[in-house]
Each structure stands twice: as C-alpha cells, then as structure tokens.
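Colleague: I have a model open and would like to learn how to read it. Where should I start?

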Amino acid sequence: MHCPFQISENLFDCAHFGAYHFARRLVPSLHVVNAEGHMQEEHREPAPFTVLVVDDDEEMRALIRDVFKRAGLRVVEESDGKRAIATLELQQVDAVILDKEMPGISGLDLLSFIRAKYASTPVIVMTAFGGPSVEEESMRRGAHGYMEKPFKVGELLHMVGMLIGNRLSVGSPFDLK
C-alpha cells in the first residue's frame with residue numbers, strides 16, 4: 001500500500017503507510033504534506049494501545065480488562081489459545097498477556113506460536129502453577145515478562161506499559177487474591 005502523506009522531516013520520514021498510521025497513534029498533532037504537496041496539520045487523539053488477554057478464567061480476564069480500560073488501554077479477551085490465534089490473525093495487538101494453564105493449546109505453546117509468527121509482539125506469561133523452572137521455560141520461549149498469581153494488577157499494568165513504551169497508571173494497586 002502506498003503512503004498518501006509524507007510526514008514532515010522534523011518528526012518522521014514516512015516511507016510506508018503502516019508507519020504513518022503508527023505515528024498517528026503516538027503523536028496527537030502531525031504536520032503532513034498531502035498528495036497535492038500542501039503542508040497541513042492533523043490533530044488526532046492517540047489511539048489506545050491494544051492488549052490481548054488470554055485466560056480461561058473469566059473473572060481474571062474481567063479484572064484485568066476493567067483495570068486496563070481505566071488506564072486507557074483497549075482490551076481484547078479470549079478464553080483459549082485457539083481463539084487467541086484467530087484474534088491475532090484478524091487484528092494487530094500491541095501486547096499479549098496469557099495464562100500458562102489453559103485447555104487445548106497451553107499458554108507456553110501459544111507463546112511459541114506468537115514468537116514464531118508475531119516476533120515483535122511483547123508477551124507476558126501469568127500462572128498460578130509456577131516456580132523457577134516455569135519462569136525459566138517462559139523466558140526461554142521468548143516471554144518478555146512473567147508473573148505468578150496472585151499478583152498486583154498495578155504491577156502487571158506497569159509491566160505492560162514498559163513493554164509498549166507508554167507510561168500507564170491506575171489510582172492504586174489492586175491485589176488479585
């Protein structure tokens with residue numbers, strides 16, 4: 001796809017349409033040169049970052065969703081690995097949070113799939129059945145973060161924020177207990 005705009009040199013050099021749209025998500029105001037060669041300024045609210053949460057525990061997904069939405073993130077939820085793969089095929093996500101123990105495709109197998117097909121997407125593994133060997137295996141397979149349940153949702157939110165390069169905050173930390 002051809003980039004219909006050239007972003008002015010003082011911000012970015014847009015050679016690809018996708019880079020233009022990514023820049024529009026991060027920068028609320030851009031000076032662009034339109035197809036006729038005229039400079040124009042675009043004002044946009046940054047689009048929310050999208051986080052895919054994959055866990056067979058509906059209450060856990062709902063808790064993460066509620067806290068992340070209050071922090072300004074868009075949350076997509078799936079209950080198993082098969083549905084998560086279908087979602088990843090249909091839409092771009094900025095980060096994935098997945099449970100290690102799920103029916104069907106395990107969280108670690110889903111992690112391996114994501115690393116192979118969506119290598120730049122950060123993944124955080126969470127589990128109630130952890131320990132040093134599970135954390136080591138998660139990192140070996142390419143996880144960017146690891147958390148054992150119960151954990152503070154604020155810490156998970158902070159980890160996601162660091163991975164997607166966006167400072168996020170909530171009013172207070174929430175314990176998952």
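Modeller: Begin with a residue and what surrounds it. Apart from neighbours within four places in sequence, Ser 138 is in contact with Leu 108, Leu 111, Val 125, Ala 143 and Tyr 146. Keep in mind that this is a predicted model.

Colleague: Where does Ser 138 lie, and is Ser 138 buried or exposed?

Modeller: Ser 138 lies in helix 5, residues 132–140. Buried means a relative accessible area under 20%. The value for Ser 138 is 0%, so Ser 138 is buried.

Colleague: Leu 111 was on that list of contacts. Which residues is Leu 111 in contact with, leaving aside its neighbours within four places in sequence?

Modeller: Leu 111 is in contact with Leu 98, Val 123, Val 125, Ser 138, Arg 141, Gly 142 and Ala 143, again leaving aside neighbours within four places in sequence. Leu 111 lies in helix 4 and is buried, with a relative accessible area of 0%.

Colleague: How do I read a whole helix? Which residues of helix 4 are buried?

Modeller: First the general idea. An α-helix has 3.6 residues a turn, so residues three or four places apart point the same way. Now the case: the buried residues of helix 4 are Gly 107, Leu 108, Leu 110, Leu 111, Ile 114 and Arg 115. Down the axis of helix 4 these fall within an arc of 155 degrees, so they line one face of the helix.

Colleague: What covers the buried residues of helix 4?

Modeller: The cover includes strand 4, helix 3, strand 6, strand 7 and helix 5.

Colleague: Helix 3 is in that cover. Which residues of helix 3 are buried, and which are exposed on the other side?

Modeller: Helix 3 runs over residues 81–90, and Gly 81, Ala 84, Thr 87 and Leu 88 are buried there. Seen down the axis of helix 3, the buried residues fall within an arc of 115 degrees, so they line one face. Lys 82 and Leu 90 are exposed on the other side. Among the elements that cover the buried residues of helix 3 are strand 4 (50–54), strand 5 (74–78), strand 6 (95–99) and helix 4 (107–117).

Colleague: What caps the N-terminal end of helix 3?

Modeller: Asp 80 does: one of its side-chain oxygens lies 3.1 Å from the backbone nitrogen of Lys 82.

Colleague: Which residues touch the most other members of the largest nonpolar core?

Modeller: That core has 21 residues, and those touching the most other members are Val 51, Ile 64, Phe 68, Leu 73, Ile 97, Leu 156 and Val 160. Two or more residues each come from strand 4, helix 2 (58–70), strand 6, strand 7 (123–127) and helix 6 (153–164). Helix 6 gives the largest share, five residues. A second, separate core of 19 residues includes Leu 98, Leu 108, Ile 114 and Val 134.

Colleague: How many helices and strands does the protein chain have?

Modeller: The protein chain has six helices and eight strands. Along the sequence, the pattern is β-α-β-β-β-α-β-α-β-α-β-α-β-α. Of its 177 residues, 45% count as buried.

Colleague: What is the mean pLDDT of the protein chain, and where is the pLDDT below 50?

Modeller: The mean pLDDT is 78, and 67% of the residues reach 70 or more. The pLDDT is below 50 over residues 1–30, a stretch with 61 contacts in the model beyond near neighbours in sequence. Residues 167–177 also stay under 50, and the model has 27 contacts for them beyond four places in sequence.

Note on methods:
Residues are numbered from 1 along each chain as its sequence is written. This is a predicted model: local features need pLDDT of at least 70, side-chain atom pairs count only at pLDDT 80 or more; totals for chains, interfaces and linings use all residues. Side-chain values use heavy atoms; hydrogens and water are left out. Buried means under 20% relative accessible area, exposed over 50%, partly exposed in between (1.4 Å probe, protein chains only). Helices (H or I, at least four residues) and strands (E, at least two) are DSSP runs, numbered from the N terminus. The arc is that of the directions from the helix axis to the C-beta atoms. Contact means heavy atoms within 4.5 Å. A polar contact is a pair of N or O atoms within 3.5 Å; within protein, one must be able to donate a hydrogen and the other to accept it, and residues adjacent in sequence count only if both atoms are side-chain atoms. A nonpolar core is a set of buried Ala, Val, Leu, Ile, Met, Phe, Trp, Tyr and Cys residues joined through side-chain atoms within 4.5 Å. pLDDT is the predictor's confidence in each residue, from 0 to 100.
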